[in-house]
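Biologist: Please put the sequence and the structure on the screen, and I will ask about them piece by piece.

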Amino acid sequence: MYTVMIVDDEPMVKKMLRKLIDASGRFQVTGEAEDGREALDKIVSAPPDILITDIRMPVMDGLELIATLEEKGLRPEVVVISGHDDFSYAQKAIRFGVAEYLLKPIRPELLMETLDRLAARFEKRR
């Protein structure tokens, strides 16, 4: 089973993601955070296999979180979710090597396809 951390400042988004991910049977949400700063502390103490993060959040945004994790040598597979269809955000995310960039509202089938691709990547590495 692969572990997932969800970082988003919208409680309903986190709830929906947790429900979908936990129901998959292959993934387990092991942590949630409201912003990048809270997530960073949790990731350092218990690194997940997959990080699902919003881009725009208070305190520390998703891109800052990804950059800080990279500096610390922590490299979970990252899925960025955003309500902003802004190419500059996507460009920055690509530079950080994110696995996927999904737009809100998140379609459940796209999320599951993304997670399945990541699981296949993990299996291939073994």
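Biologist: Is Asp8 buried or exposed?
Modeller: This is a predicted model, in which local features need pLDDT of at least 70 and side-chain atom pairs count only at pLDDT 80 or more, while totals for chains, interfaces and linings use all residues. Residues are numbered from 1 along each chain as its sequence is written, and side-chain values use heavy atoms, with hydrogens and water left out. Buried means under 20% relative accessible area, exposed over 50%, and partly exposed in between, with a 1.4 Å probe and protein chains only. The relative accessibility of Asp8 is 0%, so Asp8 counts as buried.

Biologist: Which residue has its backbone nitrogen 2.8 Å from a polar atom of the Asp8 side chain?
Modeller: Asp8 is found in the loop between β1 and α1; helices (H or I, at least four residues) and strands (E, at least two) are DSSP runs, numbered from the N terminus. A polar contact is a pair of N or O atoms within 3.5 Å; within protein, one must be able to donate a hydrogen and the other to accept it, and residues adjacent in sequence count only if both atoms are side-chain atoms. At 2.8 Å from the side chain of Asp8, the backbone nitrogen is that of Glu10.

Biologist: With neighbours within four places in sequence left aside, which residues does Asp8 contact?
Modeller: Contact means heavy atoms within 4.5 Å. With those neighbours left aside, the partners of Asp8 are Val13, Lys14, Ala33, Glu34, Asp54, Met57, Ile81 and Lys104.

Biologist: Which residue in β4 stands opposite Asp54?
Modeller: Asp54 is in β3, on one side with Ile50 and Ile52, while Leu51 and Thr53 are on the other, and all of them are buried. β3 and β4 pair in the parallel sense over 5 bridges; two strands pair if DSSP finds at least two bridges between them. Val78 is the bridge partner of Leu51. Opposite Asp54 stands Ile81.

Biologist: How many residues of β4 are buried?
Modeller: Glu77, Val79 and Ile81 point one way from β4, and Val78, Val80 and Ser82 point the other way, all of them buried. β4 is therefore largely enclosed by the rest of the structure, its buried residues numbering 6 of the 6.

Biologist: Which residue of β5 stands opposite Ser82?
Modeller: β4 and β5 pair in the parallel sense, over 4 bridges. In β5, the residue opposite Ser82 is Leu103.

Biologist: Why do the buried residues of α2 line one face of the helix?
Modeller: The buried residues of α2 (36-45) are Gly36, Ala39, Leu40 and Ile43. The arc used here is that of the directions from the helix axis to the C-beta atoms. Seen down the axis of α2, these residues line one face because they fall within an arc of 105 degrees.

Biologist: Which residues are exposed on the other side of α2?
Modeller: What covers the buried residues of α2 includes β1, β2, β3 and α3 (62-71). On the other side, the exposed residues are Asp41 and Ser45.

Biologist: Which exposed residues are on the face of α4 turned away from its buried side?
Modeller: The buried residues of α4 (87-95) are Tyr89, Ala90 and Ala93. They fall within an arc of 95 degrees, so they line one face of the helix. They pack against α3, β4 and β5 (100-103). The face turned away carries Phe87, Ile94 and Arg95.
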